[in-house]
Amino acid sequence: MSINFQSSTKLRSEFLRVLVERGFIQQCTDLEALDSWLSAGIGTAYNGFDLTADSLHVGHLIPIMMLRWFQKTGNRPIALMGGATTRLGDPSFRDTSRPLLSEAQIARNLASIKRIFERFLTFGDGPTSALMVNNADWLSSLKYLDFLRDVGPHFSVNRMLTSESVRQRLEREQSLSLLEFNYMVMQGYDFHVLAEMHGCRLQLGGSDQWGNILSGVEFGRRAGGRTLFGLTAPLLTTSSGAKMGKSASGAVWLNADRLSPYEFWQFWRNTEDSDVGRFMRLFTELPLDEIARLDALQGAEANVAKKVLADEVTRLCHGADAAGEASETSRRMFEEGETADGLPTVRVSGAALQDGMPLPDALVMSGLAKSKSEGRRLVLGGGVRVNSRAVLDETMQLGYADMRDGVIRLSVGRKRHVLLQPEP
């Protein structure tokens, strides 16, 4: 049926009203029936997260916020850890296969990622307390022949081949292994198991998961006679259409040991003017009328809204203390010109500093430039400062003589700063 995701006036479910008003919904299998189910009592929904790294990144924030809103509106969220499916690799919208990880690597990643969810969800024994489960608990013990007999008849290869993620890979004549092709079946089976074990009837995810989610909904109907639902959010892009999620030093990780709270705060502070209101609706819990007021600020006042955005997202992800420290660090940097301990720090070889490290090399190592040639252009263009002093000499070499209080501060423009610290 045709669904107007711009209006929430006819929805009875508080969760769905919040999602529509804040711009979370891209696709839904049956919004009317889902609204009716959620309005009848406490619902259970899940979102899956593979364990391909020891941290999630900002691209995962939308599904995490969906789970958070699900709990805040009186429902029970499940964070499904893909301990087993990580061993396969999701082919969705990827050109190549993911590298296969060992069980020890997956276990380390799981332990690290669990810390993120403790910031966003409330776990416990209550009816709306969040659950964290691992699909390795049921997938790893399956017997292959039994699984093929019991599950295989419910999946159509013809249907699977029409999935957008699979179709794109085949049209580009890029290899798609049997291992990856099974991912859709595994995800559908996860939904079936969670429905049986926990009464879970809703799967949330990004729009790149739509094909996998539909397979799970169909499998639930065929194998269990259940009506299951799928709901996806748009993938994260800026207003210019660029994929969002990269900072000066790489991916915008959610774990503080991968990306400092200060650098995380700066990422949101540097949001384009046209994206501030949308990101506030998606990534903060500010009231919509307050977001509208901040989004209407123009000129220099728009920076106030960007700081609020950075404060709020950093508070959710790293806590109020870390957000306050990052904001104060930024204020001292830009308003008082002080050196700040909260800046991202990059370790450099003491021997390299002893011999002299070319400035373009240091810019690349610190993540302030993508290549040495870009680093040289930044220097010649007057955009680079060493310890707050402008440098125009592309042949400059950094050494111990440039250290101040044990570090060398590199800056590109007014907003990007890194501390170089020699290895002990």
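**Reading salt bridges, helix packing and a sheet**

Guide: Counting every Lys or Arg side-chain nitrogen within 4 Å of an Asp or Glu carboxyl oxygen, you get 13 salt bridges here. Keep in mind that this is a predicted model.

Visitor: What lets side chains pair up like that?

Guide: In general, side chains of opposite charge can pair when their charged atoms come close. Take R68 and E285: their closest N and O atoms are 2.3 Å apart.

Visitor: Where do R68 and E285 sit in the chain?

Guide: R68 belongs to helix α3 (residues 61-72), while E285 lies in the loop between α13 and α14 (288-295). That pair links distant parts of the chain, 217 residues apart.

Visitor: Okay, now helices. How are two packed helices described?

Guide: By the angle between their axes and the distance between the axes.

Visitor: Which residues make the contact between α13 and α15?

Guide: From α13 come V276, F279, M280 and F283; from α15 come A305, K306, V308, L309, V313 and L316. Sorted by class, that's nine nonpolar, no polar and one charged. As for handedness, α13 passes α15 in a left-handed crossing.

Visitor: And the sheet: in what order do its strands run?

Guide: This open sheet of five strands goes β9-β15-β14-β11-β12, with mixed pairing. At the edges are β9 (345-348) and β12 (389-390), each pairing on one side only. β9 pairs with β15 (residues 416-422) in the parallel sense, over four bridges. To spot a bridge there, find V346 and its partner L420 in β15.

Conventions:
Residues are numbered from 1 along each chain as its sequence is written. This is a predicted model: local features need pLDDT of at least 70, side-chain atom pairs count only at pLDDT 80 or more; totals for chains, interfaces and linings use all residues. Side-chain values use heavy atoms; hydrogens and water are left out. A crossing is left-handed if the near helix is turned anticlockwise from the far one by less than a right angle, and right-handed if clockwise. Helices (H or I, at least four residues) and strands (E, at least two) are DSSP runs, numbered from the N terminus. Contact means heavy atoms within 4.5 Å. Ala, Val, Leu, Ile, Met, Phe, Trp, Tyr, Cys and Pro count as nonpolar, Asp, Glu, Lys and Arg as charged, and the others, Gly among them, as polar. Two strands pair if DSSP finds at least two bridges between them.
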